[in-house]
Amino acid sequence: MNYKNALTQYIDATNSHDFQQVEKMLHKDAHYWFTDKTCASIPEIKMYFEQAWRTIEDEIYQAKNIQWIAVDEHTATCIYNYHYKGYYEGRLVSGSGRATNVFVQTEDGKWRLIHEHLSSL
């Protein structure tokens with residue numbers, strides 16, 4: 001798997017609404033910066049994801065206009081526009097924002113997400 005595939009697999013895992021799938025794509029030291037919260041551990045990230053999935057039901061998350069801005073042998077950083085849609089209190093809602101994702105290649109050769117920064121527009 002290369003870093004571009006890692007992003008695709010991460011988005012697919014997010015859309016599974018199963019944190020076990022998401023966690024497979026995360027580095028053990030992952031940090032997230034959301035608009036309203038910083039998560040500095042896997043348990044905090046899990047709690048945030050699961051709350052978001054309960055709030056926006058059947059959410060579909062997409063990455064568009066992906067640009068890989070820094071890539072070397074063991075690190076890859078991309079920026080993109082994210083879009084989501086799903087149901088909030090039974091009504092279809094959607095939104096978008098900006099994202100930065102940093103992937104690192106672990107000792108076993110797998111690419112894992114170590115940092116994500118999301119901000120709404």
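In helix H1 of this predicted model, the buried residues (under 20% relative accessible area, with over 50% counted as exposed and values in between as partly exposed; 1.4 Å probe, protein chains only) are Tyr3, Ala6, Leu7, Tyr10, Ile11, Ala13 and Thr14. Seen down the axis of H1, these residues fall within an arc of 160° (taken over the directions from the helix axis to the C-beta atoms), so they line one face of the helix. Helices (H or I, at least four residues) and strands (E, at least two) are DSSP runs numbered from the N terminus. Residues are numbered from 1 along each chain as its sequence is written; local features need pLDDT of at least 70, side-chain atom pairs count only at pLDDT 80 or more, and totals for chains, interfaces and linings use all residues. Side-chain values use heavy atoms, with hydrogens and water left out.

At the start of H1, the backbone nitrogen of Lys4 is within 2.9 Å of a side-chain oxygen of Asn2. After H1 comes His17, with a positive phi near 60°.

Nine aromatic pairs are present in the structure, defined by ring centres within 6.5 Å for Phe, Tyr and Trp (its six-membered ring), with planes under 30 degrees apart stacked, over 60 edge-to-face and the rest tilted. Tyr3 and Trp68 form an edge-to-face pair, at 4.8 Å centre to centre and 70° between the planes. This pair links distant parts of the chain, Tyr3 in H1 and Trp68 in strand E3 (residues 57–71), 65 residues apart. Trp68 is partly exposed, at 23% relative accessible area. One aromatic cluster is formed by Phe19, Tyr32, Phe34, Tyr48, Phe49 and Trp53.

Technical notes:
A polar contact is a pair of N or O atoms within 3.5 Å; within protein, one must be able to donate a hydrogen and the other to accept it, and residues adjacent in sequence count only if both atoms are side-chain atoms.
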